[in-house]
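Subject: Structure handover

Hello,

Here is the structure I promised to pass on. Please open it first, then read my notes below.

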Amino acid sequence: MTQAPDRITLPAAKTATHSIIWLHGLGADGNDFAPVIPLLELRPTTRVILPHAPVRPITVNNGMNMRGWYDIKSFDFNPADEDLAAIKDSAAAIAAIAAEEQAQGIPADHILYAGFSQGGVIALYHGLRHPCGGILALSTYLADAANTPTADCDHCPPILQMHGTQDPIVPHRLGRLAHEQLKNKGYAPQWHDYSMQHQVCPPQIADIAEWLHERGY
């Protein structure tokens, strides 16, 4: 069984009934989104887990070792170049965290996967293949799109996709493509874009908070 990665855990103020597993982007770590969490004013029964990706060589950064959920061979994001083996390994690591949460009494449909950039790829990859409470996909794209499972009545999680219109790293068009790919698979993702680059912004944080609150987080 895949070992769960190291992480930061922000405990619930009361007995936890819901969990959010929030995945950072390339070269960051679990600390990256920790300052954002208090701004969301989550319910006191929500626990937030911020895992650290493993350190690995990243091709587009001249093979430099840094935290990453998988390798990126080109900023063209050609599906043929996807590091699918590492994507699957990282998804399995997130599944191990989810299993720990379920062992502590959090049902699968109360576990929400959130991720930024690379982290969003893993959130989508895992969340679309396992029961969950929702997927928050920030400034990201859909990996292994051809093999993304079709939505069904038993597993059609709420999905919120958000992207900057001036994103120079993961182009806005890739976010929109992912949105159309998900709709073509039968999902009903929501879409928001913002006048920003590869980042998050205050209006977006307010929209994330509203969406999470509506779902019990």
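**The sheet**

Seven strands make up an open sheet with mixed pairing, in the order E1-E3-E2-E6-E7-E8-E9. A strand here is a DSSP run of E with at least two residues, a helix is a run of H or I with at least four, and both are numbered from the N terminus. Two strands pair if DSSP finds at least two bridges between them. The edges are strand E1 (7-10) and strand E9 (190-194), and each pairs on one side only. On average, neighbouring strands of this sheet are turned by 15° against each other, direction ignored. For that angle, axes are lines fitted to C-alpha atoms, and angles run from 0 to 180 degrees between N-to-C directions.

Look at one pair. Strand E2 (residues 18-23) and strand E3 (residues 46-51) run parallel, joined by four bridges. Ile 21 stands opposite Ile 49 in E3.

A word on the basis. The model is predicted, so local features need pLDDT of at least 70 and side-chain atom pairs count only at pLDDT 80 or more, while totals for chains, interfaces and linings use all residues. Residues are numbered from 1 along each chain as its sequence is written, and side-chain values use heavy atoms, with hydrogens and water left out.

**The cores**

In soluble globular proteins, nonpolar side chains tend to be buried together. Buried means under 20% relative accessible area, exposed over 50%, and partly exposed in between (1.4 Å probe, protein chains only). A nonpolar core is a set of buried Ala, Val, Leu, Ile, Met, Phe, Trp, Tyr and Cys residues joined through side-chain atoms within 4.5 Å.

The largest nonpolar core has 43 residues. Ile 21, Tyr 70, Ile 94, Tyr 113, Leu 124 and Leu 128 touch the most other members. Two or more residues each come from E2, helix H1 (84-103), strand E6 (111-116), helix H2 (118-127), E7 and helix H3 (172-184). H1 gives the most, with seven residues. Apart from this core lies another, of 26 residues, including Phe 33 and Met 162.

**Two helices**

Start with H1. Its buried residues include Ala 86, Ile 87, Ile 94 and Glu 101. Among the elements covering the buried residues are E1, E2, strand E4 (55-58) and H2. After H1 comes Gly 105, with a positive phi near 100°.

Now H3. Its buried residues are Leu 174, Gly 175, Ala 178, His 179 and Leu 182. Seen down the axis of H3, they fall within an arc of 145°, so they line one face of the helix. The arc is that of the directions from the helix axis to the C-beta atoms. The face turned away from the buried side carries exposed Arg 173 and Asn 184. The buried residues of H3 pack against H2, E8 and E9. Gly 186 follows H3, and its phi is positive, near 100°.

Is Ile 159 buried or exposed? Ile 159 is buried, with a relative accessible area of 1%. Ile 159 sits in strand E8. Beyond its neighbours within four places in sequence, its contacts (heavy atoms within 4.5 Å) include Leu 124, Leu 182 and Trp 211.

Where is Thr 148? Thr 148 is in the loop between strand E7 (134-138) and strand E8 (159-164). Thr 148 counts as buried, at 3% relative accessibility. Not counting residues up to four places away in sequence, Thr 148 touches Leu 128, Arg 129, Leu 142, Ala 143 and Lys 185.

Best wishes
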